[in-house]
Amino acid sequence: MNAMVRTIPIELTVNGRRRALEVAAHHTLLEVLRDDLELTGTKECCLVGECGACTVSLDGRIVDSCLVLAVEADGAAVLTVEGLAGGGRLTPLQQAFLDKGAAQCGFCIPGQLMSALALLQATPAPTREAVEEAIAGNLCRCGGYEQIIDAILAAAEADER
Amino acid sequence: MSAASIGTSPNRVGGIGRVTGLTEYVADIRLPDVLEARLVTLECARARIISIDASEALKLPGVRLAMTAADLPEPMPRFGPQFADRPVIAVGETRYHGEPVAIVAAETKDAAEEAARLVHVEYEELPAIFTLAAALDPASPLVQDPALRPNDRLASTNVLREHLVGWGDVAAATADVVVENTYTFPMVTQFAIEPHAFMAAPDGDGIAVWSTIQHPYWLQKVISKVLGLPLSKVRIFAPDPGGGFGGKQHAKLEPLVAFAALRAGRPVRLILSLEQTFQAVRRASCEVRVRTGIERDGALVFEDIEADYLIGAYADIADRVVGKGSYLAAGPYNVPAVRIVARSVLSHTVPSTAFRGFGNPQVNWAVESNLDEAARAIGMDRLAIRLRNLAKRGDAFVPFDTPADGDWEQTVNRAAELIGWGSPLPPGHGRGIALGIKSGPTTGLSYSTVRLLADGSVIVYAGTSDMGQGARTVFAQIAGQELGVPLEWVTVVMGDTAIVPYDQQTSASRSTVLMGNSVLQACRSIQAQLAAMAARLNGLDEASVVVDRGVVHLPDRQLAVVDVLEAGLGPLGGELTGNGETRKDAEPDHPLGGSAAFFEFNCTAVEARVDEETGDVVPVRHVTVSDVGKALNPLQVAMQDDGAAIMGLGHTLMEHYIFDESGRIRNLGAIDYRIPTSMDLPLELRSEVVENEDGPGPYGSKGMSEGALLCVAAAVGAAVQDATGVAIRDLPLTPERVWRALQERPVR
């Protein structure tokens, strides 16, 4: 760490694991996840909260981690894409993404998954329109929206059963 | 276990890493001891660099390097796939907004950012050109030093190259009706969600370079040349790109990062922001003048097309884009006389490069739209005029090229059927239909190696880049099919020039055909070895043994490949190895240097609703049908077509760069440059294929991935005109532009 940069101690629970960190006051949650914790599943693209590649769950709320200062997240529980699968098993949502071919180049997928998860937690049986709206902040240049929407709807349906 | 068979859609090979966040893209790789680099750029397009002072930057703790042109070899090494015109770093003068004049590297990103701010550059902004009109004005400054292009009659102009292609005699042709219009296509950017990223590290007596590149072997040649190292001392790591779309084909800042790493003696990485990526790659804007001559019965007589593409300050692959993109401008039709003049025009803007469709969408927008005007002029149906002139299989529709390689009317008729061509429409709705064609690869060289390991599992080495199109899955399907192995038993290795044999490039929708054939050949070589093995083990003549889809057929019985393999290899184990090579040599006398390996052929039909109050265009139904020969993986094929259609809607409805008077892009980044989101999709999007197993690739496949983008603009534009009666000849069809055009509409 650069000597000139002021650091502040924070505590985060990331994917269920408590982490005590010294973070620079100006560093974003995205930077801390990727650079300090080496959790690189969360992606960096626009850095202005428009593309959704850096979407994570913060205390159950979906945020663009590029717009949240790490110190603002002090004490919070953070869920990233790495925290979805447990014990080598994909979640039904991840499996649906795989089965429906939703992941193409894959770069936007961690963010899409986090937005989808938030939607399904709030609305277990969403309409197609609700899904389109839920991922409206997650850009996919491969244009895989149809498959991503299908995957989210399939996961919702699987959950119903 | 997934069946590996061709024509099914098993889960993507590499898919698990993509849904767990474990796939490593370039920016996710962290080498120990890596330095973070940042660029120093100027706040204008063209400037004379007077002095650069990095002394304050170097005083910052943690800053290890500041490099400018003065620290690089003299003369400045230059590179480029067509012309070696791009300097490693700006020397003397910048030529576009965002061109780096210095690079700094430090222990942390913070220190590097601060250092970049502290590099003091004294410069003088110079007059610059950002439009075709300015570039072609003889009074304007030259973008490039004529000395870069000796013995070139155009070197003292801003026209880099002029491409003339045609047949018949346009000047002498007479037609019942001649329709002439001018169309423009905007500057747009690839906008892969993964910004470009580069890293380099000293590697023994050579260098290793990581890049988001689509063409690792091209990059290897570039690095080898600028550093003066043999190819064997340049190792390129090319992890799967997070989207490419052409923008990641050719070297950009890798040579600069390589020099920085060698100078620092440590790994250096440069991860571009999205804004910097906008300043690294874009599509050429274009102005197209079309004169279409037609008889009253609908027969095309001539097409006379002039296309000026505004390329950037350095050629990159842009001139090839111009030459190849304009070459099929007359479309998939039998036109007796054609004259196409296309010019690549230099400007002080971001170097334009390859972008899905490779120059074709620009001219397609113009020529297909003008064909609608011709149909209107003679009172003919817009679908009928296309079918009337469409090339039939085997027609030499371009006299010196591959004849029409499909039953294209099937594609057109299917699209027309799906859109309900001719059926009544609600008020405010309109329909359009357009055809797109693109020449596939004109040359190619793809080596591959396949290893059948002792337990019957398989490793495929193929130098294609899997940037989302799913090449890895298709190659695994081919190997699985040929060697009788489930997909889970096949590993596909890509992206490392020290391990994977040479592949020319991942472009022009080539990989399924060229690399696919190479992998197929490697598998067939292994099959031949298995046949020899089985013959030896059973005292048979080799000719009596046939290996097909993982089964060894003897005259009297069948054996599993793995059983023959284990018995044949014996107690020491080992493996069988097969090599493949697909080569498509250049044809020196051909205008493009080679005929088309195949054509990508697509028909797009759109029903759109236009809101007359706001000018908003809503694609109600979007139908895209492509002739793919054989869909080896139908889901991946549909996704390529969906994705191309949506990308096409981007440049049709919303995307364009906006410049200020200093040549700065005013809408850099995701806030002010919009690409389609999930809320911008057509209300119904339908992708279908025509499969006649008539392509040159494995199992009759043709290349595909770009076709469904080619004619989106023309189809949507036609639907807007059909709905409103207004022809708009400039893209994108933003609400503002459509609304203004509606206000100026003569009262009907």
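**Exercise 1. Describe the overall build of chain B.**

Solution. Start with burial: 60% of the 748 residues of chain B count as buried (20 or more other C-beta atoms, placed from the backbone, lie within 10 Å of the residue's own). This is a predicted model: local features need pLDDT of at least 70, side-chain atom pairs count only at pLDDT 80 or more, and totals for chains, interfaces and linings use all residues. Residues are numbered from 1 along each chain as its sequence is written, while chains are lettered from A and ligands numbered from 1 in the order in which they are written.

Next, list the elements. Chain B has 18 helices and 28 strands (DSSP runs, numbered from the N terminus: H or I of at least four residues for helices, E of at least two for strands). The radius of gyration of chain B is 27 Å, close to the 27 Å from the globule rule for 748 residues, so chain B is as compact as a globular protein of that length. The radius is taken over C-alpha atoms, and the rule is 2.2 Å times the number of residues to the power 0.38. Along its principal axes, the C-alpha trace spans about 85 × 75 × 50 Å.

**Exercise 2. Which helix of chain B gives the most to the side that touches chain A?**

Solution. Count the contacts: 48 residues of chain B are in contact with 47 residues of chain A (C-beta atoms, placed from the backbone, within 7 Å). Then find the helices. In chain B, α1 (15-20), α3 (109-118) and α15 each supply at least two residues of that side. α15(B) gives the most, with 7 residues. By class, this side of chain B has 24 nonpolar, 17 polar and 7 charged residues. Ala, Val, Leu, Ile, Met, Phe, Trp, Tyr, Cys and Pro count as nonpolar, Asp, Glu, Lys and Arg as charged, and the others, Gly among them, as polar.

**Exercise 3. At what angle do the axes of α15(B) and α17(B) cross?**

Solution. Take the axes of α15 (residues 634-653) and α17 (residues 712-724) of chain B: they come within 8 Å and cross at roughly 60 degrees. Axes are lines fitted to C-alpha atoms, for helices over the stretch in contact, and angles run from 0 to 180 degrees between N-to-C directions. Therefore α15(B) is oblique to α17(B) (under 35 degrees is roughly parallel, over 145 roughly antiparallel, 65 to 115 roughly perpendicular, the rest oblique). Now name the residues. B:Ala645, B:Gly648, B:Leu649, B:His651 and B:Thr652 of α15(B) make the contact with B:Val712, B:Ala713 and B:Val716 of α17(B). By class, this contact has 5 nonpolar, 3 polar and no charged residues.

Terms used. Contact = placed C-beta atoms within 7 Å. Buried ≥ 20, exposed ≤ 12 C-beta atoms within 10 Å, placed from the backbone.
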